[in-house]
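Here's a quick briefing to read with the model open. Keep a viewer handy and follow along.

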Amino acid sequence: MGEALAAIKRWRDGGQAVALATVVATRRSAPRPLGSKLAVSEAGQLAGSVSGGCVESDVAIRAREVLESGRPKLLSYGIPDEDAWEVGLPCGGEIDVFVARVEGELPDPEIPQVIFTVVDGERAGERWVSDDDEVMRTQLLERDGERVFAEVLGPPPRLLIFGAVDLAEELCRAAQGLGWRTVVVLTHEDRWDVPALAGALGSDAFYVGALGSRRTQERRRAQLLESGISEEQLGRLNGPAGLDLGAGTPAETAVSIVAEILAVRAGREGGRLRSSSERIHA
């Protein structure tokens, strides 16, 4: 999103009209998540992506039509049945892309807010902003007979890492590759483990993990209970942290921990995709 918004600002400052294409619905194995964006200038410049290259050229053509007419379009791509669409997605997924001319001020993706956009019907393109937490995740809604895309914005996840060890460095590297923000507390003493975990378990963090052997985990859990942490709070502790990937090196362990964080955030168990009947992408 950042790439597209930066390009839009640059092009508009240069006097160009710009159209913005946004993925508003996905079905099956879609190549890009909801909210993915492709900006198209009237000069034909592109920034961002809605499909990783599968349908960008066609979206760019449609975007130029939107710029000329001023009327938004809702496009569908994929192969939903035996009849192939004009442009298909090799991965077998389907996506709906809403294309509209960029008008007014651009949203600040760092500010927590939900942007609602009507994507079809007579009011297609109408937009409003809310910050009352009525919607918690980006999704396509049905409201009063209209399809409305609700896009949840806000800063990227922040990962707090307690411990000045080589794994902390690898965790920072892995998290930054996902666009997360990292903060490392430089400590390597057992006496800080329980206070740090107690504070984390009492917060609204969606993931709390702890390194250490199973024996260390049991001792730490007992200490946390003694410190006043409830059984319910203790149930949030992921320890030993990480998925069972057979990790050995600090870099491999960092991958397993980041993978578990992603799974928890998406409400998944983190098993093998070939054994799952759920959608491949959350």
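Predicted model: local features only at pLDDT ≥ 70, side-chain atom pairs only at ≥ 80, totals over all residues.

Residues are numbered from 1 along each chain as its sequence is written, and side-chain values use heavy atoms, with hydrogens and water left out.

**Nonpolar cores**

- The largest nonpolar core has 19 residues; a core here is a set of buried Ala, Val, Leu, Ile, Met, Phe, Trp, Tyr and Cys residues joined through side-chain atoms within 4.5 Å. Buried means under 20% relative accessible area, with exposed over 50% and partly exposed in between (1.4 Å probe, protein chains only).
- Inside that core, the residues with the most contacts are Ala-21, Val-50, Val-59, Tyr-77, Ile-95 and Val-99.
- At least two core residues come from each of β1 (18–27), β2 (37–41), α2 (56–69), β4 (73–78) and β5 (94–101). Helices (H or I, at least four residues) and strands (E, at least two) are DSSP runs, numbered from the N terminus.
- α2 gives the largest share of this core, five residues.
- Apart from it sits another core, of 14 residues, with Trp-180, Tyr-207, Ala-254 and Val-258 among them.
- Val-99 touches, among others, Ala-21, Val-59, Ala-63 and Val-66, not counting residues up to four places away in sequence; contact means heavy atoms within 4.5 Å.

- β1 pairs with β5 in the antiparallel sense over eight bridges, and strands count as paired if DSSP finds at least two bridges between them. Ala-19 stands opposite Arg-101 in β5.
- β1 also runs antiparallel to β2, joined by five bridges, with Leu-20 opposite Ala-39 in β2.
- Five of the five residues of β2 are buried, so β2 too is largely enclosed by the rest of the structure. Lys-37, Ala-39 and Ser-41 point one way, while Leu-38 and Val-40 point the other.
- Three bridges link β2 to the antiparallel strand β3 (residues 46–48), where Gly-48 is the bridge partner of Leu-38.
- Four residues lie between β2 and β3 in their hairpin, and Gly-44 in the turn has a positive phi of about 90°.

**A four-stranded sheet**

- Strands in the order β7-β6-β9-β8 make an open sheet with antiparallel pairing.
- β7 (127–130) and β8 (139–143) stand at the edges with a single partner strand each, so one side of each is left without a neighbour in the sheet.
- β6 (residues 113–118) and β7 are joined by four bridges, and Thr-117 stands opposite Arg-127 in β7.

**A buried charge**

- Where does Glu-260 sit? Glu-260 is in helix α7 (residues 250–266).
- Leaving out residues up to four places away in sequence, Glu-260 touches Tyr-207, Asn-238, Ala-241, Gly-242 and Leu-243.
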